[in-house]
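This briefing covers one protein chain, with its points grouped by topic. The sequence and the model come first.

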Amino acid sequence: MTTKQPFLTDVKQLRAQARAQIEKGAVTPTYKGDVKQAIDILQTVLATELVCILRYTMHAIAATGISSESVKEEFQTHAKEEHEHALAVAERINQLGGKPNFNPEGLATRSASQYAEGENLVDMIKENLIAERIAVEHYQELIRYFGDNDPTTRTMLEGILSKEEEHANDMHDLLVAHEGRPPLKK
């Protein structure tokens with residue numbers, strides 16, 4: 001005895017829809033979000049990641065002082081990971097039918113985080129920790145926003161969020177180590 005599963009679309013109907021709407025690329029009728037708004041939001045995420053790449057790269061080059069080599073390596077690792085995030089976000093914008101905005105003009109105003117160089121190694125660590133905290137809060141909000149309406153974007157942001165939390169923890173640990181005081185209040 002076979003029972004019909006009412007939540008599944010008939011395969012013939014799926015095939016017909018796919019052929020009829022081929023110009024929409026990856027965006028299918030089951031996409032519940034607002035595509036234009038999703039692209040606009042992801043453009044800000046892309047800008048945020050690009051600013052983070054630039055800040056971490058600058059810090060990796062400019063960091064000086066005792067114990068700076070290990071911190072420089074950490075900054076460079078984070079810059080590479082932020083680059084991976086930027087590429088993932090740009091690809092998602094493309095999948096949704098948008099054009100990723102890599103234009104440096106207006107980058108700072110499109111980004112949630114700021115580009116701050118810092119005067120010394122501890123300042124650099126603090127600026128990166130602040131930026132990571134901004135990213136964590138911002139991405140948590142966006143994950144809630146996308147929810148079940150765009151599970152692909154939500155899942156991508158969840159992966160990025162996990163790395164941003166790791167980055168924030170790394171910067172916190174470096175700050176504690178370089179300021180020579182007990183861990184900051186959590």
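Ala131 lies in helix H5 of this predicted model. The residue counts as buried because its relative accessible area is 2%, below the 20% cut-off.

**Surroundings of Ala131**
- Setting aside residues up to four places away in sequence, Ala131 touches Arg55 and Ser113.
- Ala168 is 37 residues from Ala131 in sequence, and their C-alpha atoms are 8.4 Å apart.

**Largest nonpolar core**
- The largest nonpolar core holds 27 residues.
- Those touching the most other members are Leu42, Val45, Leu46, Val89, Tyr139, Leu142 and Leu157.
- Two or more residues of this core come from each of helix H2 (35-62), helix H3 (68-95), helix H5 (121-146) and helix H6 (151-179).
- H2 supplies the largest share of this core, with ten residues.
- Beyond its neighbours within four places in sequence, Val89 is in contact with Leu42, Val45, Leu46, Met156 and Ile160.
- In soluble globular proteins, nonpolar side chains tend to be buried together.

**Second core**
- A separate core of 14 residues is also present.
- Its members include Tyr56, Met124, Leu129 and Met171.

**Helix H2**
- H2 has 28 residues.
- From its first C-alpha to its last, H2 reaches 40 Å, close to the 40 Å expected at 1.5 Å a residue.
- At the start of H2, the backbone nitrogen of Lys36 has a side-chain oxygen of Asp34 within 3.1 Å.

**Chain as a whole**
- The protein chain contains six helices and zero strands.
- Along the sequence, the pattern is α-α-α-α-α-α.
- Of the 186 residues in the protein chain, 39% are buried.
- Among contacts with a separation of 6 or more, 77% join residues 24 or more positions apart.

Definitions and conventions. Residues numbered from 1 in each chain as written. Predicted model: local features only at pLDDT ≥ 70, side-chain atom pairs only at ≥ 80, totals over all residues. Heavy atoms only, no water. Core = buried A, V, L, I, M, F, W, Y, C linked by side-chain atoms within 4.5 Å. Buried < 20%, exposed > 50% of the residue type's maximum accessible area, 1.4 Å probe, protein only. Helix = DSSP H or I, 4+ residues; strand = E, 2+ residues; numbered from the N terminus. Contact = heavy atoms within 4.5 Å. Expected span 1.5 Å × (residues − 1). Polar contact = N/O pair within 3.5 Å; in protein donor to acceptor, adjacent residues only side chain to side chain.
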